[in-house]
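Subject: Handing over the structure

Hello,

Here is the structure I promised to pass on to you. Have a look at it first, and then read on for what turned up in it.

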Amino acid sequence: MKKIISVVAALMLCAVAAVSASAASPLTFGPGPVVLSPGMPTYEEMTGTVGGDGIANPFVDCENMPEACLKAGFFMSAPSDIAGYPYRHISVIPGELIQVEYSGCFNAFTLRKSKTIEGERTLTGDYNDYPESKTLDLNGRSVKVNGKNGIINNAYWTIGNHSYAVYAGVGIDENTLSQIVAKTL
């Protein structure tokens, strides 16, 4: 029993050390910061910088979707939870765009909505070329996706005069994308 307690204690110390080490530098999985846990300081707060490279950050953090919609000047619905992505961070560029970042232990993705029709690459923020590109019919919406090895790295669709995009650096599967698309308005 003592041996088991010692092993568990050692594992907990390793986990704390890993989290402490990761808090010292930002993780980048896509556009914007990845929120690892509620209340964790941002890279900018830890380093005293603005935007990481000295450029003013146009995004304003929001506590919830109603606040984001008010600041953006248009409505957006987004999933409040996605399996495997327990953390959610909401921000806006006032009058232009709402961004919701979802993150988990090993993966993250960003959902954006623009109040106008934007170009696919502009809205996803992903300028990579992918070997696979196709259009999917997800929940009655025509969604253009790009990726590799059957994994989706970005997706783009429009509803009315608004455009939506998902960027997932590591990638997401079609089922996760379908959940996202189903809950957007």
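This is a predicted model: local features need pLDDT of at least 70, side-chain atom pairs count only at pLDDT 80 or more; totals for chains, interfaces and linings use all residues.

Ala-78 sits in the loop between H3 and E2. What does Ala-78 touch, leaving aside residues up to four places away in sequence? Its partners are Met-65, Arg-88, Val-100, Tyr-102, Leu-111 and Lys-183. Take Met-65 as an example: 13 residues separate Ala-78 from Met-65 in sequence, and their C-alpha atoms are 8.1 Å apart in space.

Now for the overall layout. The chain has five helices and eight strands. Read from the N terminus, their order is α-α-β-α-β-β-β-α-β-β-β-β-α. The chain is 185 residues long, and 37% of them count as buried. Among contacts between residues at least 6 apart in sequence, 50% join residues that are at least 24 apart.

Helix H3

Met-65 leads us on to helix H3, which covers residues 65-72. The buried residues of H3 are Met-65, Ala-68, Cys-69 and Ala-72. Why do these residues share one side of H3? They span an arc of only 100° around the axis, and that puts them on the same side of the helix. Strand E1 (60-62), strand E2 (87-93) and strand E3 (97-103) are what these buried residues pack against. On the face turned away from the buried side you will find the exposed residues Pro-66 and Leu-70.

At its start, a side-chain oxygen of Asn-64 comes to within 2.9 Å of the backbone nitrogen of Glu-67. After the helix comes Gly-73, with a positive phi near 90°.

Cysteines

The nonpolar cores

In soluble globular proteins, nonpolar side chains tend to be buried together. In this model, the largest nonpolar core has 31 residues. Those with the most contacts inside this core are Ile-98, Phe-109, Trp-157, Val-166, Ile-172 and Leu-177. Apart from this core lies another, of five residues, including Ile-93, Leu-97, Tyr-156 and Ala-165.

Aromatic pairs

The structure holds three aromatic pairs. In one of them, Tyr-102 and Phe-109 are stacked, with 4.8 Å from centre to centre and 20° between the planes. Tyr-102 and Phe-109 are both buried. You have met Tyr-102 already as a contact of Ala-78, and Phe-109 as one of the residues with the most contacts inside the largest core.

Trp-157 and Tyr-164 make another pair: their ring centres are 5.4 Å apart and their planes are at 5°, so this pair is stacked. Trp-157 and Tyr-164 are buried as well. Which residues do ring pairs link into a cluster? They are Tyr-85, Tyr-102 and Phe-109.

Two asparagines in loops

Last, two backbone details. Asn-139 has a positive phi of about 55° although it is not a glycine. Asn-139 is in the loop between strand E5 (132-138) and strand E6 (141-148), and at 42% relative accessibility it counts as partly exposed. Asn-149 likewise has a positive phi of about 55° without being a glycine. Its place is the loop between E6 and strand E7 (151-159), where Asn-149 is exposed, with a relative accessible area of 70%.

Enjoy exploring it!

Best wishes

Notes
Residues are numbered from 1 along each chain as its sequence is written. Side-chain values use heavy atoms; hydrogens and water are left out. Buried means under 20% relative accessible area, exposed over 50%, partly exposed in between (1.4 Å probe, protein chains only). Helices (H or I, at least four residues) and strands (E, at least two) are DSSP runs, numbered from the N terminus. The arc is that of the directions from the helix axis to the C-beta atoms. Contact means heavy atoms within 4.5 Å. A polar contact is a pair of N or O atoms within 3.5 Å; within protein, one must be able to donate a hydrogen and the other to accept it, and residues adjacent in sequence count only if both atoms are side-chain atoms. Rings of Phe, Tyr and Trp (its six-membered ring) pair if their centres lie within 6.5 Å; planes under 30 degrees apart count as stacked, over 60 as edge-to-face and the rest as tilted. A nonpolar core is a set of buried Ala, Val, Leu, Ile, Met, Phe, Trp, Tyr and Cys residues joined through side-chain atoms within 4.5 Å.
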